[in-house]
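This report describes the pockets of one protein model and the residues that line them.

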Amino acid sequence: MNTATIFSHAKVNLFLDIQDRRSDGYHNLVMVNAKLSLHDTITCEWRDGHQISLLCDDPALPTDDRNLAVRATQRFFEQTKKHKSITIRLEKRIPIGAGLGGGSSNAASMLILLNELFRFPLSKEELKGIAAGIGADVPFFLESGCCFVTGIGDNVISVSVHAIAKWKPIYTVLCTPSETVSTKDAYALWDQTDNNINQTPSSLLNALIEGDFHAIPDRMFNAFEQVIYPAYDGIRSAYETFCAVSPTRPLLSGSGSNLFSLHMKKTEATQVASKLNKKGYTTFIGELML
């Protein structure tokens with residue numbers, strides 16, 4: 001039996017603005033996404049046959065075709081007409097339903113791994129086509145680093161982040177409240193609310209490109225904050241606690257419920273995480289992968 005392993009990284013939205021609602025029910029978005037060092041680990045075992053199975057150390061995660069990693073594997077085999085019996089072993093570290101893109105990342109990682117396994121039968125554009133059909137965040141995870149993302153997540157452009165990022169890391173503190181939010185409910189709240197505020201990512205993109213990393217926290221934006229905090233007491237409470245202990249402003253990632261902050265010094269990030277831990281919150285310290 002042959003095996004291969006790939007790391008499946010989380011992401012945060014440094015910027016997320018919600019535009020108009022499309023005729024198909026989806027919303028057009030404007031986002032700036034960055035991967036994190038936090039990752040799941042996927043190990044695949046393959047042999048002759050046609051069976052797909054998934055084993056996961058988190059019992060809360062479905063292991064049938066509701067799982068995006070399984071769905072990505074099915075779509076890959078359907079399009080390439082190639083087949084193997086695959087056992088996917090998924091070690092989860094990215095919180096589920098937290099706005100960190102764990103499921104989408106798992107799907108993209110499977111597409112990348114399978115394409116390598118079968119000696120690249122699909123082009124990058126063909127992989128993107130499969131990814132877009134699986135989920136809105138999946139195309140982003142086929143790319144590396146930081147990206148400017150529009151449409152429903154299917155238009156992805158790499159951001160030329162200043163070279164200083166290679167030797168001057170930006171540390172992240174993730175805080176996961178106990179309360180969760182479904183993406184469907186988050187968009188429903190947005191659609192029901194009048195006078196929502198929109199912003200442009202221009203100043204954030206300039207800070208990334210010019211290497212003005214200290215300016216990034218104050219230029220981040222997530223439109224969902226306008227509707228999530230008033231509707232979810234647990235997430236609002238976590239945000240208020242986070243604001244009280246962090247010298248940089250925290251932000252909601254995706255539709256939530258995860259919150260994150262950015263820091264130029266690891267000691268500062270460690271202090272913030274420790275204070276949140278003492279308040280009963282689960283945290284993770286990592287780095288942006290720019």
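In what follows, Ala, Val, Leu, Ile, Met, Phe, Trp, Tyr, Cys and Pro are nonpolar, Asp, Glu, Lys and Arg are charged, and the others, Gly among them, are polar. The model is predicted: local features need pLDDT of at least 70, side-chain atom pairs count only at pLDDT 80 or more, and totals for chains, interfaces and linings use all residues. Residues are numbered from 1 along each chain as its sequence is written, and side-chain values use heavy atoms, without hydrogens and water.

A pocket is an open set of points on a 1 Å grid over the protein atoms alone where a 1.4 Å probe fits, with protein on both sides within 12 Å along at least five of seven lines; lining residues have an atom within 4 Å of a point. Volume is the space filled by probe spheres set on the points, which are joined across faces, edges and corners.

| Pocket | Volume | Lining classes |
|---|---|---|
| Largest | About 1,400 Å³ | 20 nonpolar, 18 polar, 8 charged |

The largest pocket is lined by 46 residues, and Ser-104, Ala-136, Asp-137, Thr-183 and Ser-255 are the closest to its centre. Because domain 1 (2-158) and domain 2 (171-289) both contribute to this lining, the largest pocket lies between them; the domain bounds come from an automatic or database assignment. Helix 4 gives the most to that lining, with 5 residues (helices are DSSP runs of H or I, at least four residues, and strands of E, at least two, numbered from the N terminus).

Among the 14 residues lining the second largest pocket, His-214, Thr-248, His-263, Met-264 and Glu-268 lie nearest its centre. Helix 6 (216-219) and strand 10 (259-263) each give two or more residues to this lining, and helix 6 provides the largest share, 3 residues.
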